[in-house]
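I wanted to work from the overall fold down to single residues.

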Amino acid sequence: MTDIPVPQPDLASTNFFAALDAGRLEILRCDNCGTAHLAVLRCDVCAGIAFTPEPASGRATVYSFTRVHIAHHPAFAERLPVCGGIVELEEGPRLFAPLLGEGAFSIGAGLVVELIPADGRMIAGFRLATQGTRS
Ligand SMILES: [Zn+2]
């Protein structure tokens, strides 16, 4: 089976992926205005360049999703169909992520999801939350 392709960190995302490799999902909090980001070099609210990493809760709300039935990479051919979507973290930033686990095909916009490891790789995957709702 072909390995799933993983993103290659760039200057802005190095800390984000290093934290994932260590089993943590982190955000970057702008030291000037407090806005939460995922992987940036400059705050898009105040243009600040200083950030402090902080752990994210791992909980998010599905903003948008899709079901993929055609493999665009050989690594996904035996895994079809797969789900992915844009999730909004409780802290605010949004990211595209695989939607995995039991019930992945019942995931829809507005549902609460939580972070899970994805094949031990530096990918943030989410599944339906087992409890609680977003307030
Ligand atoms: Zn800022």
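My entries follow, from the whole chain to one residue.

**Ground rules.** I am reading a predicted model, in which local features need pLDDT of at least 70, side-chain atom pairs count only at pLDDT 80 or more, and totals for chains, interfaces and linings use all residues. I number residues from 1 along each chain as its sequence is written.

**Whole chain.** I looked up the elements and found one helix and eight strands. Helices (H or I, at least four residues) and strands (E, at least two) are DSSP runs, numbered from the N terminus. Along the sequence the pattern reads α-β-β-β-β-β-β-β-β. The radius of gyration is 15 Å, close to the 14 Å that the globule rule gives for 135 residues, so the chain is as compact as a globular protein of that length. That radius is taken over C-alpha atoms, and the rule is 2.2 Å times the number of residues to the power 0.38. I noted that the C-alpha trace spans about 45 × 35 × 25 Å along its principal axes.

**Burial.** Of the 135 residues, 21% count as buried. A residue is buried if 20 or more other C-beta atoms lie within 10 Å of its own, exposed if 12 or fewer, and partly exposed in between, with C-beta atoms placed from the backbone.

**Domains.** I found domain 1 at 7–55 and domain 2 at 57–135. These bounds come from an automatic or database domain assignment. Over C-alpha atoms, the two centres are 20 Å apart. How many residues of domain 1 are in contact with domain 2? Eight are, and they meet nine residues of domain 2. Contact means that the C-beta atoms, placed from the backbone, lie within 7 Å. On the domain 1 side, α1 (14–21) and β2 (36–37) each supply at least two residues. Helix α1 gives the most, with three.

**Sheet.** I traced an open sheet of three strands in the order β2-β1-β3, with antiparallel pairing. Strands β2 and β3 (51–55) stand at the edges with a single partner each, so one side of each has no neighbour in the sheet. Strand β1 (residues 26–30) pairs with β2 over two bridges. Two strands pair if DSSP finds at least two bridges between them. I also saw that L28 stands opposite H37 in β2.

**One residue.** Is D10 buried or exposed? D10 is exposed, because 11 other C-beta atoms lie within 10 Å. I placed D10 in the segment before α1. D10 and A39 are 29 residues apart in sequence, yet 9.3 Å apart in space, C-alpha to C-alpha.

Methods. Two residues are in contact if their C-beta atoms, placed from the backbone, lie within 7 Å.
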